[in-house]
Amino acid sequence: MKTRILTLALSMFIAAVARAELKWEQTQLELHPAANDKETVGHFKYQNTGDKPVRFKSVRTSCGCTIAQTQKEEVPPGEKGEITATLKIGDRTGVQIKNVTVETDDPANVVTVLTLKAVLPVLLEIKPTFVYWEGAEAPKPKTITVHAGKDFPVKELKVTSSSPDFQTKVEQVGNGEFKIDIEPKQMTHPAATTLTIQPDNSPRRFYAGARVTNVPAQNVPVGVRPQNVPVSVPPQNVPANVPAKNVPTPSNS
Amino acid sequence: MKSLLLRQALVLVALALVPAIGQAIYYRDRVSWQTPIPASELVTVAQARSWGESAIWVDARQDEEFARDHVPGAILLNEDRWNDLLPQFLAAWSPEKKVVVYCSAQSCNAAREVAKRLRDEAQLKNVFVLEGGWEAWIKTKQ
């Protein structure tokens, strides 16, 4: 009986003393990727400072654009490791904050939220990226302003319209600041264009759009449906792996 | 006595303000991520469906997820390929239409980011985020 009580007391003591503890070096990281980087990777380092192994139960990200990876499923006592969070930059700009939620069997820290802050360089700030004229409106020029980022010195902008229905004029209004005036040549039928904006210092292209929309019925020439806007959409707009039936159409159901 | 109480209260308020301001400065970029989407910018599946043809559905998920399945007629527009995808969305848009942006779940931030860019950069009005996202839409289908 005495032995049983002793064993029970000892096991309770060990259970109370033995602990798993995952210590994170940092739970917040700030990254500053370069202009041409396609992705940015954050390394969240940890160490098991307890005397019991810690097991990762799940690692989830707040966005499909971020992939988190653990090096191992279980961290033995004393061992170090890291969780990497890779953010796909794509066409994202500005400050991006993504969370990685780590769930472990460590009772002291069941859930830890790791925060990845990526400050993506803004190369060109284009505002607005879209202008339009409604049928009843006068075909007056509208202005799109372009500001080059401070680490992206632009001396010249080349702007091309995908449609001959619009004409554009580019004017430099300051250091790295430009004004694009765009106007439709006609308001009698629906028209759309994609403006390709090409800075002199980079092969990267930027885009803006313009449209003449809701043309009154009496202005629409026979054979042109108002909804059927002629717009040049580059072929790469539809991902290669999207089946033909999934090609987006303006209709909704 | 009254002025002493007032002075003490002011000291306490000032002391409380120091960490509050510090936190506001430190977390200034995180506020928009953590604050809930205003109700005026959210739309339920039922509401969005009731808009019928006057709604444009925008799928803010990644290409592969869109290819697997999506709301019928939805247009793919995500931040991975924003520049490539925006023209086809704009071609379908018209001023009287309402835009319903969705991503894979309520916790996913992509729909919110895409909606924000449409409002801020393209300066479009009537842009909404679908409450409950793709999962909510799937639920109503069952």
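The model is predicted.

Next I turned to Lys57(A), which sits in strand S4 of chain A, residues 54–61. Its relative accessibility is 55%, so I count Lys57(A) as exposed. Leaving out residues up to four places away in sequence, I list Glu103(A), Thr104(A) and Asp105(A) as its contacts. I also took the C-alpha separation between Lys57(A) and Ile89(A): 28 Å, for 32 residues along the chain.

I went on to the nonpolar cores. The largest has 43 residues, and the members touching the most others are Trp57(B), Leu77(B), Phe89(B), Val101(B), Leu118(B) and Leu130(B). Among the chain B elements giving it two or more residues I note helix H3 (45–50), strand S2 (55–59), strand S4 (98–102) and helix H6 (110–120). Helix H5(B) supplies the largest share of this core, six residues.

I followed up Val101(B). Beyond four places in sequence, Val101(B) touches residues including Val58(B), Ala60(B), Val114(B), Leu118(B), Phe128(B) and Leu130(B). Apart from this core I found another, of 23 residues, with Leu124(A), Ile126(A), Val146(A) and Phe166(A) among them.

Terms used:
Residues numbered from 1 in each chain as written. Chains lettered and ligands numbered in written order. Predicted model: local features only at pLDDT ≥ 70, side-chain atom pairs only at ≥ 80, totals over all residues. Heavy atoms only, no water. Core = buried A, V, L, I, M, F, W, Y, C linked by side-chain atoms within 4.5 Å. Buried < 20%, exposed > 50% of the residue type's maximum accessible area, 1.4 Å probe, protein only. Helix = DSSP H or I, 4+ residues; strand = E, 2+ residues; numbered from the N terminus. Contact = heavy atoms within 4.5 Å.
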